[in-house]
Every structure is written in structure tokens, then in C-alpha cells.
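Dear colleague,

I am handing over the structure we spoke about, and my notes on what was found in it follow below. Please keep the model open beside you while you read.

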Amino acid sequence: MDRALRPLIRARPHDLVRLADPDEILTGTEPAWVGAALAAAPWIVIRRARAPAGHLAAGVRGPARHQRHAMLIPAGAAAGIARPEDLRPAASVIAPEAPALAALRECRPILDGLGRPWGPTGSAGFELATGRPATTQDSDLDLLIRLGALSGFTRAALASKLSGLPARVDCYLETGHGAVALAELAAHPDKIVLRTSDGPRLVTLEQAMMP
């Protein structure tokens, strides 16, 4: 389909976007591994950064941990999307070969009990969306929760429950203005780092949790 005729996809940070044709976004200035990575798995991850109108702030994952490439792509290059919460059902059916996937399977009942949208990001999310191996024995489990009203007690209790899983869990709560780390929130600090599209900001808890 011609790019101009494709429906534009509304994407948020950590969403995974499938490309219609990876060659459309390559400029020839990227590291050599980028083209090969996209040929093997034509998916990019949406970065938490600003992008001009009609574009997406994208990140390309390579097979090695240090291989990450940031770029801007036309929104019309997207052919599909997998949001973290779309990948949640796979948590109960995957074969947990890596500790991160085993942790994902174990944490599903805990997170489902919150009644909030949640899902895996990072290597676990990428592997579930693309079907390409991405997790290793050393991978953390990255999680995203679309935040509602979680009390201080709930945050502390949740952090405690996620601490005993087969892999280390790095969980972020998505608020109306950015994302905050659950581990930081559970410590009840006076101020906390809010990750925004304009970079990290040190804000009060009240500012971070505003809808």
C-alpha cells in the first residue's frame, strides 16, 4: 500500500510498531547492523521523545545489547502496532525459557489484580511481539502500568511482590505527564524523577501523579 494511503497509527512510548517496508525509513547513514536488524524483524520501539508532526520517535534494537539506534520515521511507514497491554495475554501461555519470561508468567496474577492496563516492554515485550528471541539469561523484566489511583500502600506492596520473581523487575508507572519508577515511588521520596518527552524532571510526588 502506498504510504500516503496507510492510516496513521497513534503510538505512545514503549509501543512496538511494525513497519510496512523497512527500506522506506533507511537513509544510508545508519550503522550497518540497523538494516540487517530490520530485515530480520521489521519492528521499532517508540521512544519517549518529541517528534515533528507526521513523524514518530523510533528506536531500533539490534541483536547485541549495545546495539540501539534512535531515529525519526514517517508515521505513514507504520503498518501495525503492539502495545504493552496487548502482549499481556501471552504471559500465561509462553514457554518461560529465560528468567525474564518466567517472571512475566508469575507476575500476571499480581498485576491483573490491580485492574489497570499493564504489559511487558524491553526484551520480553519485543520477543512476544515479533517472535524473535530477545531475552537472555541475564535479562531484566521490564514492565509498564497505565496508572490509576494507586495508594502509597499499594505501591509499596506491589514493589515487594515483584521483588521475589525469577528475574529482576524494572517497573514503570505511566502517568498523565510521563513515567515514574515503581521502586522510587515505593520509597516515598519527597521528590521523584519523572521521565518526559523533554527529558527527566525532578518533581514532587503530587506533580508526578497528576492525571
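Strand E10 (residues 191–196) and strand E11 (residues 199–204) pair in the antiparallel sense over 6 bridges, where two strands count as paired if DSSP finds at least two bridges between them, and where helices (H or I, at least four residues) and strands (E, at least two) are DSSP runs numbered from the N terminus. The two strands form a hairpin with 2 residues between them, and within the pairing Val193 stands opposite Leu202 in E11. E10 has a covered face made of Ile192, Leu194 and Thr196, and an uncovered face made of Lys191, Val193 and Arg195. In a regular strand the side chains alternate between the two faces of the sheet.

Please bear in mind that this is a predicted model, in which local features need pLDDT of at least 70 and side-chain atom pairs count only at pLDDT 80 or more, while totals for chains, interfaces and linings use all residues. Residues are numbered from 1 along each chain as its sequence is written, and side-chain values use heavy atoms, with hydrogens and water left out.

Elsewhere, 5 strands form an open sheet in the order E4-E3-E2-E1-E5, with antiparallel pairing. Its edge strands are E4 and E5, each of which pairs on one side only, and the twist averages 40° from one strand to the next (axes are lines fitted to C-alpha atoms, for helices over the stretch in contact, and angles run from 0 to 180 degrees between N-to-C directions). Strand E3 (residues 55–61) and strand E4 (residues 68–74) pair over 7 bridges, a hairpin of 6 residues joins them, and Val60 stands opposite His69 in E4. Strand E1 (residues 16–19) pairs with E2 over 3 bridges, with Leu16 opposite Val45 in E2. Helix H1 lies across E1, E2, E3 and E4 and runs at about 95° to E3, contact meaning heavy atoms within 4.5 Å.

Is helix H3 (residues 122–130) largely enclosed or left open? Because 7 of its 9 residues are buried, H3 is largely enclosed by the rest of the structure (buried means under 20% relative accessible area, exposed over 50%, and partly exposed in between, with a 1.4 Å probe and protein chains only). Among the buried residues are Phe126 and Glu127, and just after the helix Gly131 takes a positive phi of about 80°. Glu97, by contrast, counts as exposed at 69% relative accessibility, and is found in the loop between strand E5 (78–82) and helix H2 (99–112).

Finally, the largest pocket holds about 1,100 Å³ of space. A pocket is, on a 1 Å grid over the protein atoms alone, an open set of points where a 1.4 Å probe fits, with protein on both sides within 12 Å along at least five of seven lines, and lining residues have an atom within 4 Å of a point; grid points are joined across faces, edges and corners, and a volume is the space filled by probe spheres set on the points. The lining of the largest pocket has 42 residues, of which Arg61, Arg68, Gly122, Ser123 and Asp142 lie nearest its centre. H3 is one of the elements that supply at least two residues of this lining.

With best wishes
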